[in-house]
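Have a look at the model first, then read on.

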Amino acid sequence: MYAIVENGSKQYKAEVGSIIRFEKLSANVGDKVEFDVLMVSDENGIKVADEAKAFKAVGEVLEQGKDKKVIVFKYKAKKNERKKQGHRQPFTAVKILEIVAK
């Protein structure tokens, strides 16, 4: 059984026991969080729309952290204009505990 959950206008495939890195959530380590479900696939088939809204995914926050650094390098050719930046995207690691009906 798996579900497609939405968070931060992004969609993630969530299975029980899987660990997903969401964009930073305002929750502490050990907190329980719930996610809206867009689609559920189980032994009875696939449920979408109103049928899927009857489900929720519950997870536990494992970690708050930052991803690996991404280098952003901008330059203009022949103008001796260069700008180098680094960016580390914050994330929240969540372990999906269950996918249940509301």
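Predicted model: local features only at pLDDT ≥ 70, side-chain atom pairs only at ≥ 80, totals over all residues.

The salt-bridge count comes to four. Three of those pairs are picked out here, including Lys10 with Glu23, Glu34 with Lys56 and Asp42 with Lys47. As background, side chains with opposite charges can pair up when their charged atoms get close.

**Lys10 and Glu23**

- The side chains of Lys10 and Glu23 meet in a salt bridge, at 2.2 Å from N to O.
- Lys10 sits in strand S2 (residues 10–15) and Glu23 in strand S3 (residues 19–23), so this pair ties together parts of the chain that are 13 residues apart in sequence.
- Lys10 counts as partly exposed because its relative accessibility is 38%.
- Glu23 also lands in the partly exposed class, with 30% relative accessibility.

**Glu34 and Lys56**

- Glu34 and Lys56 form a salt bridge too, and their closest N and O atoms are 3.2 Å apart.
- This one links distant parts of the chain: Glu34 belongs to strand S4 and Lys56 to strand S6 (residues 55–66), 22 residues apart.
- Glu34 is out in the open, counting as exposed at 54% relative accessibility; the cut-off for that label is over 50%.

**Asp42 and Lys47**

- Asp42 is part of strand S4, which covers residues 32–42.
- Its salt-bridge partner is Lys47, with 3.5 Å between the closest N and O atoms.
- The two side chains also make a polar contact, again listed at 3.5 Å.
- Buried or exposed: which is it for Asp42 and Lys47? Both are buried.
- For Asp42 the number behind that label is 16% relative accessibility; buried means under 20%, so Asp42 qualifies.

- Where does Arg88 lie? Arg88 is in the loop between strand S8 (81–87) and strand S9 (90–101).
- Arg88 has 41% relative accessibility, so Arg88 counts as partly exposed.
- Patch members need over 30% relative accessible area and no salt bridge, so Arg88 passes on accessibility with its 41%.

Notes:
Residues numbered from 1 in each chain as written. Heavy atoms only, no water. Helix = DSSP H or I, 4+ residues; strand = E, 2+ residues; numbered from the N terminus. Buried < 20%, exposed > 50% of the residue type's maximum accessible area, 1.4 Å probe, protein only. Polar contact = N/O pair within 3.5 Å; in protein donor to acceptor, adjacent residues only side chain to side chain.
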